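I opened my notebook to go through this structure piece by piece. Here is what I looked up, in the order I looked.

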Amino acid sequence: MSRFLFPRWTNALLPFVLIAGAITPLYAAFFVAYGLSPKTLDVGYQPVQPVPYSHARHVGKLGLDCRYCHTTVDRTAFAAVPPTQTCMNCHTQIQRDSPKLEKIRQSYESGMPMEWVKVHKLPDFAYFNHSAHVNRGVGCVECHGRVDQMEVVYRFAPLSMGWCLECHREPLDRVRPISQITNLAWDQKTELTPEERDSLIKLYHINPSENCSTCHR
Amino acid sequence: MSSAPQLTSQSATKGYIDCDNTQQPTSGRVPLVLNMHSFGEVTHQVCRVAENKPPFAWYVAFVISLSMVGFLGVCVTYLIFTGVGVWGLNNPVMWAYDITNFVFWVGIGHAGTLISAILFLFRQKWRTGINRFAEAMTIFAVICAGLFPGIHVGRVWLAYWLFPIPNSMDMWPQFRSPLLWDVFAVGTYFTVSTVFWYVGMIPDLATLRDRAKGKFQQFAYGLAAIGWRGSMRHWHRYEVAYLLLAALATPLVLSVHSVVSFDFAVSQVPGWHTTIFPPYFVAGAIFSGFAMVVSLAVPARQLFGLKDLITLRHLDNMNKIILLTGCMVGYAYSMEFFIAWYSGAMYEKFAFVNRAFGQYWWAYWIMVSCNVITPQLFWFKAVRTSIPLMFILSIFVNVGMWFERFVIIVTSLANDFLPSSWGDFIPTWVDIGTMVGAFGLFGVLFLLFCRYLPMIAIAEVKSVMPEANPHAHHASPHTDHAPAAEGSR
Amino acid sequence: MSSVKNRYWRSVEDLTSSSEFRDWMHREFPDGASEHLTENERRNFLKVMGASFALAGLGLAGCRRWPETKVVPAASQPVNRIPGEPVYYSTVWEFSGFAQPLLAKSYDGRPIKVETNPSHPWGGAGVSAVTQTQVLGLYDPDRSRTVLARNTHSSYPAFSEFFNNKRAALRAQGGKGLAILTDFRSGPTYADMIARVKVAFPQATIVAWEPLARDNAILGTAMAFDSPRRVLPAYDKARVIVSIGDDFLYGSPDAARWARQWSVGRAVDSVDPTKQQIARLYVIENGLTPTGMSADDRLAVRQSDLGIVAALIAQGVSAGADSPALQTSIAAIANSLAAQSVLDGRGKEVIDALIADLKSHHGTSLVTAGVSASKTTHAMVAAINHALASEGATLTYLAEPIEASSAGFAALCTAMQAGSIDTLMILGGNPVYTAPADCGFANALTKVSTVIHLGIYADETAVNASCSWHIPEAHYLEAWGDARSFEGTLAIQQPLILPMIPEGQGGRSAIELLAELLASDPVDGYSIVRRTHVGLSGLTGPLFESGWRSWLDQGYIPATNWKAMPTTFNAASVAAALQADQAVLTAPSSLELVFLRDMKVWDGCFSNLAWMQELPDPVTKITWDNAALMSLQLAQTLGIKRGDMVKISSEGRTVEAAAWPLPGYSDASIGLSLGYGRTGPGVGATARDAGFNAYTIRTTAHPDVATGVSMTRTGATYAIAHTQDHGASDALDPKVPLEGIQERLPTLIREASVQEYRKHPDFARHVTHVASRLSLWNETNLDGAQFRWAMSVDLGKCTGCSACVTACQAENNIPVVGKDQVLRGREMHWIRVDRYFRGSDAAKPESFAIQPVTCMHCENAPCEQVCPVAATVHDADGLNTMVYNRCIGTRYCSNNCPYKVRRFNFFDYQRREPQREEGLMKVKPEYYVEEGPDVWLRMQFNPEVTVRMRGVMEKCTFCTQRIQAAKIKYKNAWAKAGGIDTGSSNFSIPDGSIETACQQACPTGAIIFGDLNVTDSRVAKAHRSGRSYQMLEELNTKTRVQYLARVNNPATARESSGGAAHPDSHGHAAHGHAEG
Amino acid sequence: MTAAPRVYGLLAEFETPAQIMAAATAVNTAGYRFWDCHTPFAVHGLDKAMGVKRTILPVLVFGAGLTGATIGFCLQAFTNAASFSIWALVWVAGYPFLISGKPLMSVPAWVPVIFELTILLAALSAAGLMLLLNGLPRLSHPLLANARFRRATDDRFYVVIEAKDPKFLRSKTEAFLKSLGAKHIEIVEDR
């Protein structure tokens, strides 16, 4: 009766098996660190909106200020999504019959709200306050990117906790004068010296907190 | 067999009367292997357990254990899907059976590595008969132990946050927490014990491989033996590595239960906040571990016919250790009371008086009688060498040690600082099911081990046989040629 | 700028009047409000409802790559609405005829919380627990949602049609056979409607009745004066207060107000220490109440003997000195045989001291009698107060607008039985359940051909076979109305939301239904109320509009309070009444059953409100049930143990209840609260089977106390869920736990008599030995913080009323766990009120201690160190933060918390309905798949606070959401003003502008929150006080919550005086100072 | 080098520890370099007799232990007390938690983890390096194919002299082994 003997090639295979075994935990860590990160999963999320509203046209070309529509951004936690009324302020005059605006007109007439698809969503346990940031020299572009160049809005930043902390720990590169808050094209790194930015930090008493209670309640 | 003392002629594998090899002979060495005269016989004696069909009792035990594991599965599934509220936990008793079982099993898991490592360092040769399955017991006990902290957390699916893995939240474990020390201590202990066990088993797996008849067995044991050929050059490094492992495992084994005791000692719950805990816990762990070894060895040697290898002398020695550690534990109990009284701290004093006379008095007195009073019987040699008595006493110790953890955890939590927040703990069927299920898990693992792996360290037993001495002045009766080899030293 | 001073709530009036608002409301509830809401649509309800991001707080579910979610902005933004920002509106809630002035907080159209309205003359005194809970009532999933016709679903149009015919028939008979049974309503609009009904239906019978009325007080004052009077006490002006069975600190709708007044007299630090002492409170009561626990001297006598006690006091203060008749009749009672045995040695001592005190405090003393005390007792109390010259000084007599009602109700029942009532309209109330047992109300109902019931719930009355129609009533937050507070101030009840009940299914208020009866125009509440006030104010046009706006803005109509009504004491009338009642008053002692008023469920109408069921009773700490309370001695005599079922019989009627021996009870008295024991159809899931129904034994003749009752054990036992007193039973030696408690009490709760306090103002700091605070490390972690939040709890002011508990529950989305879970010790309240009995004899405690305990926010927090994942850490301002989303639930923190203030979500309590029954297997399969309890309930959630999922720990956060809101508000303002260029280097938050929910609700102001960095902040001053101490200071936890030791003012010596028994022996040298 | 390339070496079987001891001494003295003894257990002193040099394993293990301690300290110091970023698979920074009023560098609290990591790395390297130095795992080996050799893990003791040894000459070596008292000698083929 013949015995089972391992063939010779198993000897050559073994180092690879061992190396794979050693790498597995490293891979698992990498998977958690990178694979499950919003940086991988969420950045670039670009849902189709019910109405093909182009920020590139309205903000980039026509030069609407962010606050024209997102009126509450400097007063409250939420940057309100505009009511249909806001659209119709202009579109009762301009492009009155555009088929793209059909749903807007319907909403306006029926009073039924528009259902926009949310692009930037924080988990329910994270409490972000827009007013606390825009009044302290953190511009829209830091989190939302160049919306003025986006035909369809997509998720620019991971909005992960680690990403928030990056700025909270090192705000120097992200502050700007309040006058430039909604100016998406304005780059503080080229427009201001580090000293000037530092003086802005002093001016607004920017002391970004790493306290848990700042965002979690 | 130059040194065999007054042996009876009965073969241990057949009869029920054990050979008494517990007497220190006036001359020569104490036989740790009885009724066997060659290496081959030892090999055969151990390997046949793995090679033959197990006895009927094994199947019975296995089916029972397996159904207990099934119930454990039911309980754990229910627990994870519904919430830890299915246990009887409450505010203030936030830990009860879960951590009791955890500490209990970690304690059980102490004898194995202790026997392996510390007795190895002390050159106690009698360890060879019992170290393998004591180590196995350690690993299985640590698996059972690890189960509890794993499932007791409220959100099991996030338990990986206990490990320092880089993540998008930029959050890390908090290293001041004794629970995190636990993760590292128990994890290290499990890893090192497993490595130690496996390294010790490699030569024996090679033996099984070489004796295996079936192709699958040859493959499986072959894989497990990773090509061990008994090379003396390998043995050389092997022995160094084994010594190093023993030297590393010894402080480790002492540290593990110290760290487990920190879970309590570092907190400020009266009855937990005690500096005596680390040594007290370690002594208790050894105590319960040895009791568990006895509880397992007695039926195992009976069932698998290993009385010649696990002899009364082994059992006697273990019973002596149980007696010693039992006294240490008893000392710790009384010292706790003394310190509580001596401290004059109101809450501390109350915690201990309340243990003995408060709502959980029955648990306390079960603990004291099982851990302190009954082991005193081991002062008598007749008890130490009586198989039924030692079995019963070892079970008592296991029960007592479980209650010790229960008493420490539950009584301290139930009545801590503010009387308004006093509480009590009533276990639910899930509590009991999880506890019973853990015993089942342990049983299944242990039975599988008995069935498929060398239960006794074959190579090591051979090395302590008189025949193994290359410098012996006697010739083996089985060799027709006896070169008078001169030792180099 | 203080948030409470600044009126930033707005009127919605201008909106409601516009069609735009109406439209908007309908859009807010798409296809709701006007149509029906099916089960599935209700699930979508919230999604759509949440204009913008309102539901940020819902669920902890955090996973990546979110499922697609929608943002739904309003189609056109209403004025004054900012999505996600709370708006406050003033309104009132009428509690048994007494308006509670409130500010209701609304989030995106959802009212989620009420606070007291500080600008209202009757406001500013916190909000009682039951008032808070009404918000939950709005969203109660068991609310009646459809019109019922003979207990089958119908619709409001169908009812209207029926009603039109009925009306014609009634009109034709001039209202003959029409009866209207209402609960107490104080508003002029309602009065106006009733007046119109009387005009239209002159022969109609109109009865205002409630089971828990104040008949005795009304009748008693009517004896003493010529007409009934409402006694308006001024506890703050009295130096000696004697309560004869009056639980004024807790047991009445306006208790918060009285407690606030009382606390003024207890402010030990604000009076000149050399001259004045704090007010002294004597309480004589049968049971144990928060008032009794707060007393300086307390006596337990039978409820039936309170008259004797009143007579003794009256005799002592020489009441009726100018009327020999009165003196004689008082003496007859005071010297009767029965009076000999009422007081024991200590009792006599207390009464003597009390009399002496009263005598020396003419004009600065006040004697009050409880609502349950007999009418003659009330009359004697009027005589005493008259003798003490209290009127105008410590009390004022007002006209009593409410009539004694029980006779009227009995007459109505008789009329019904006689068949002379053809149509009965029941506006609110649940008489089938609450009517006296001898009335046979359910039986009488069968004789009435048409019964129309208006109620929030389809309750026992609504589903009764004789009930023809049930109309869902609009909640007070849904309907317009008006009401008067105790002292008469008139306020508009302003709704915050359209009725949750679709229009076609009712959702009407009582005045709207009366308008329907009258078929007069207008029929909507808003117009009716305005019409009334046009008439009342005499204003028209823009003048009226601006007045109306300001009334809504400030929440009341100025100068509408009742003026004092001068009285003439009628000694003869009292003497006659006493003589007539002498036999009753001096009846030989027998076992009595006192019908208690439960401030959680009241007469039973709030018993479906889960917050109330779960709230531990301030005295017994029982949740989810009532119990037969009795003294330890009585229980022992009858062989009754805690939880034994007993059968109580009186006049052939019986009730079975679980027994609960309670220290401090008088020996021949049993207390059983009303409002429980509702079973069968018509009872909501929360109220069902809770406790025992005392109405079954309550009669018209004995609505307050039944004497000569008997009590026997039935042999059965009952599990009562209580939140304290665990862990001491089954001890091998029962003395061990009991002595353990008594030993530690003086260090946990520190108190001293006022004399001791004057001698040793820092007595509280020298109670425990605190080892030298040499730390092993530099405790510099929190140095340099801009804020150091802290709290101070004044034990001298806390009455144990538990308003803080409910306020916290409302603010912080704290789940209700159910009786089964409370039995297991898993209640979730972030703040609890500990109650202890002090003294060596368990049956006769010498004093009581009450201590609210919440997270102490220790600077050296034991919980933080043991958390392996840093889910609980400190923030720089000193908050011990609990990060739910980081918590994995090891529960180690709770084990290591010496104060046991952490709460663990053993189950998904927010998804799991509270369960009464024991048994862990009672997890329904839906639990695993459904979103949770009714979406209605979730509408109450505060979006500013994360809703916790199972497996995470939670605890008091110092209302961190309010701190953050204030920080952002003030820092934004500062930055907008120019930041550092404004001249101030950083922003600051004014003291008092952040109030925690518990602080805001506390009637007595016992809780103070603020910043220790501001040296003159109220909390910093409180922490500097000599009375301030840290609980378990010896653990070096450095708590940010400190207690102010209670200072008592007892007239008689107690066996021991607690923690400060021997202040002299605690030398400074031997003991470390509490605070460096 | 006359041996056929398919020959692995010569296998000589002995029956007792004493015999293999003598044989090993003799083979070592004879100056063979590529040879080994195979025994069912570690025969005490045989390695010395064979002239095996002391392994450097302990030194390596000591180094591994020190590494473990360093990792333990740095890990805890970085994650709980530092706020700078490093690259560890992704860019991460430490989080200086404020815990129980304790200093950020709570070194005493770090001792257990440092200790455990020391032991863990040392123990893993002791076992791993032992196997690595021994050339294990090696599942396929000419000796394992030899039927007789299977008793090497049971009760027989073998000397194997490999064909690649410069002094190996099949006949001569076989004779040499025979002279040592081998009970059985056979050629092991290199499959």
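Into which domains is chain A divided? I found domain 1 (12–40), domain 2 (46–81 + 118–215) and domain 3 (82–115). Domain 2 of chain A is written as two segments, 46–81 and 118–215. I kept in mind that this is a predicted model. Next I looked up a distance in chain A. The centres of domain 1 and domain 3 of chain A, taken over C-alpha atoms, are 52 Å apart.

**Entry: chain B**

I turned to the secondary structure of chain B. I noted 16 helices and zero strands. Chain B has 489 residues, and 63% of them count as buried. I then checked the contacts in chain B with a separation of 6 or more. Residues 24 or more positions apart account for 80% of them.

I picked one helix to follow. Helix α10 of chain B covers residues 312–343, which makes 32 residues. From its first C-alpha to its last, α10(B) reaches 45 Å. At 1.5 Å a residue, 46 Å is expected, so the computed span is close to that. An α-helix has 3.6 residues a turn, so residues three or four places apart point the same way. What comes just after α10(B)? I found Gly344(B) there, with a positive phi of about 75°.

**Entry: chain C**

I counted elements in chain C next. Chain C has 34 helices and 40 strands. Of its 1076 residues, 62% count as buried. For contacts in chain C between residues at least 6 apart in sequence, 77% join residues at least 24 apart.

I wrote down the domain assignment of chain C. Domain 1 is 148–213 + 404–477 + 502–527, and domain 2 is 228–399. Domain 3 is 590–722, and domain 4 is 739–1059. The centres of domain 1 and domain 4 of chain C, over C-alpha atoms, are 46 Å apart.

Then I traced one sheet of chain C. The sheet is open and has seven strands, in the order β6-β5-β17-β16-β15-β7-β8. Its pairing is mixed. Which strands are at the edges? They are β6 (152–153) and β8 (205–208) of chain C, and each pairs on one side only. I also looked inside the sheet. Strand β7 (178–182) and strand β15 (423–427) of chain C pair in the parallel sense, over five bridges. One partner pair I looked up is Ile180(C) with Met425(C) in β15(C).

**Entry: where chains B and C touch**

I moved on to the contact between chain B and chain C. It takes 53 residues from chain B and 53 residues from chain C. On the chain B side, α2 (56–82), α6 (178–211), α11 (346–357) and α14 (387–414) give two or more residues. The largest share comes from α11(B), with five residues. I sorted the chain B side by residue type: 30 nonpolar, 19 polar and four charged.

**Entry: where chains D and B touch**

My last stop was the contact between chain D and chain B. How many residues does each chain give? I noted 72 from chain D and 62 from chain B. Several elements of chain D supply at least two residues each, including α1 (17–29), α3 (57–81) and β4 (90–93). The most comes from α4(D), with 16 residues. The chain D side divides into 46 nonpolar, 16 polar and ten charged residues.

How values were computed
Residues numbered from 1 in each chain as written. Chains lettered and ligands numbered in written order. Predicted model: local features only at pLDDT ≥ 70, side-chain atom pairs only at ≥ 80, totals over all residues. Contact = placed C-beta atoms within 7 Å. Helix = DSSP H or I, 4+ residues; strand = E, 2+ residues; numbered from the N terminus. Nonpolar A, V, L, I, M, F, W, Y, C, P; charged D, E, K, R; others polar. Pairing = 2+ DSSP bridges. Domains from an automatic or database assignment. Buried ≥ 20, exposed ≤ 12 C-beta atoms within 10 Å, placed from the backbone.
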